Amino acid sequence: MFEGLKNKLKGVRSRFGASIEEHIEESPVVSLPSQEIYAGEESSHQAESIPEDHQVGELSGKRIPPSGKETNPQKDGFFTKVKTLVTEREFILSEKDLEEPLFELEMILLESDVALSVTDAIIAHMRQSLIGNHRKIRQSPDEIVTAALKNALREVLGEGLDLVGFIRSHEKPVKILFTGVNGTGKTTSIAKVGAFLRKEGFSVVIGAGDTYRAGATEQIRVHAERLGIRLIHHQEGADPSAVLFDAVEYAQAHGVDVVLADTAGRFHNRANLMSQLEKIRRIFKPDLIFYVDEATAGNDAVVRAAEFEKTIGADGVMLTKVDMDKKGGSAISIAHTIGKPLVFLGVGQEYEDIVHFTPDLIINEILGDDA
Ligand SMILES: Nc1nc2c(ncn2[C@@H]2O[C@H](COP(=O)(O)OP(=O)(O)OP(=O)(O)O)[C@@H](O)[C@H]2O)c(=O)[nH]1
Ligand SMILES: [Mg+2]
């Protein structure tokens, strides 16, 4: 996944590393006020900057008074040694030191279809964690940059949504409505999610709520049959709200845990189709609405997700065709932009090609083994 972005980020990471290396070589190291070093526990970042094995208290075998009343010449010599150690181990990066790699990172993110607001958030986070702070030389430049990038990504990716936990703790049946524009993978995703939930031990029924597109009911029927999942359907052209109402009744009567509701693809600006979706929502009363879009649509997917969120609502996002997306921008942007969690990634055409989203999963994928 995200091969293009992964390689570009590798490049910019080494550029950050080189800039930091250069800064360390060229700039004088930062001195710390001596009484704070001796005070140790009083100063947060400065105390922290002293390696554990060189903490003053530990080295001297007892607590050193901050006032420095002890005048034992042997110990004074010892203090000087500790101070030298500390001053050799710190540096501070300025905006100027990182101007170029920060600009390069910004360009890479935008080229990869990361939304502008998300790019801004990542760059701001990088600035905040790299610039103006005391840095320990014992961390390699790449470690420093990777940690900063990792935290920035974690912030924009969000936590995700624990669907299994949600279903376990929720009154049954849990009703999940799948929405989105045409051809993004809603029906395939319902089959995948059905298979996933069955593996987790839940019973599932599918409602064939796309009565609009010719062949849609037949398509979901084939999936349901292959997976051995009960399908509730009416004929083509029927009211989708009625189909989904029946699916809920079936689930209630048979003690089924989860109802997955398919819907016809539609664009948010098609008023009549959106009002049909609104009717479905009123009658089906979903516990969760999953917005489905394809990663390959890049920034379009993010914009559409925001529109759907505004008009019909969304509790989570399923991003499909991630296996075909080299850029990765939509996966990085969508949760932060619409303020709703990513729940699943579709990574192929088979039923098992589904990944339950966690931020670490994408971070490890994007930053590789170094994350
Ligand atoms: N490579 C890949 N293809 C996928 C993925 N998910 C769905 N597809 C393919 O995308 C195409 C459209 O999938 P559907 O599930 O029919 O999409 P839909 O959103 O239900 O389409 P409409 O009902 O017409 O709106 C199919 O050929 C799927 O096999 C995925 O994660 N990866
Ligand atoms: Mg469909």
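For these notes, a residue counts as near a molecule if one of its heavy atoms lies within 4 Å of it. The model I'm looking at is a predicted one.

**Ligand 1**

I started by listing what sits around ligand 1, and got 20 residues. The closest are Lys-186, Thr-187, Thr-188, Asp-323 and Gln-349.

Next I looked up polar contacts to oxygen atoms of the ligand. Gly-183 has a backbone N or O atom 2.9 Å from an oxygen atom of ligand 1. Lys-321 also uses a backbone N or O atom, at 3.0 Å from a ligand oxygen. With Arg-213 it's a polar side-chain atom, 3.0 Å from an oxygen atom of the ligand.

How much of ligand 1 does the protein bury? On its own the ligand exposes 660 Å², and the protein buries 84% of that.

**Nonpolar cores**

Then I turned to the inside of the protein. The largest nonpolar core has 69 residues. I checked which of them touch the most other members: Phe-16, Leu-105, Ile-122, Met-126, Ile-332, Ile-362 and Ile-366. Helix α8 (residues 141–157) puts in the largest share, eight residues. I also noted that domain 1 (3–28 + 92–157) and domain 3 (163–358) each supply at least three residues to this core.

**Met-126**

Phe-16 and Leu-105 had already turned up with Met-126 among the residues touching the most other core members.

Conventions:
Residues are numbered from 1 along each chain as its sequence is written. Chains are lettered from A and ligands numbered from 1 in the order in which they are written. This is a predicted model: local features need pLDDT of at least 70, side-chain atom pairs count only at pLDDT 80 or more; totals for chains, interfaces and linings use all residues. Side-chain values use heavy atoms; hydrogens and water are left out. A nonpolar core is a set of buried Ala, Val, Leu, Ile, Met, Phe, Trp, Tyr and Cys residues joined through side-chain atoms within 4.5 Å. Buried means under 20% relative accessible area, exposed over 50%, partly exposed in between (1.4 Å probe, protein chains only). Helices (H or I, at least four residues) and strands (E, at least two) are DSSP runs, numbered from the N terminus. Domain bounds come from an automatic or database domain assignment. A polar contact is a pair of N or O atoms within 3.5 Å; within protein, one must be able to donate a hydrogen and the other to accept it, and residues adjacent in sequence count only if both atoms are side-chain atoms. Accessible areas come from the Shrake-Rupley method with a 1.4 Å probe; for residues, only the protein chains shown count as cover.
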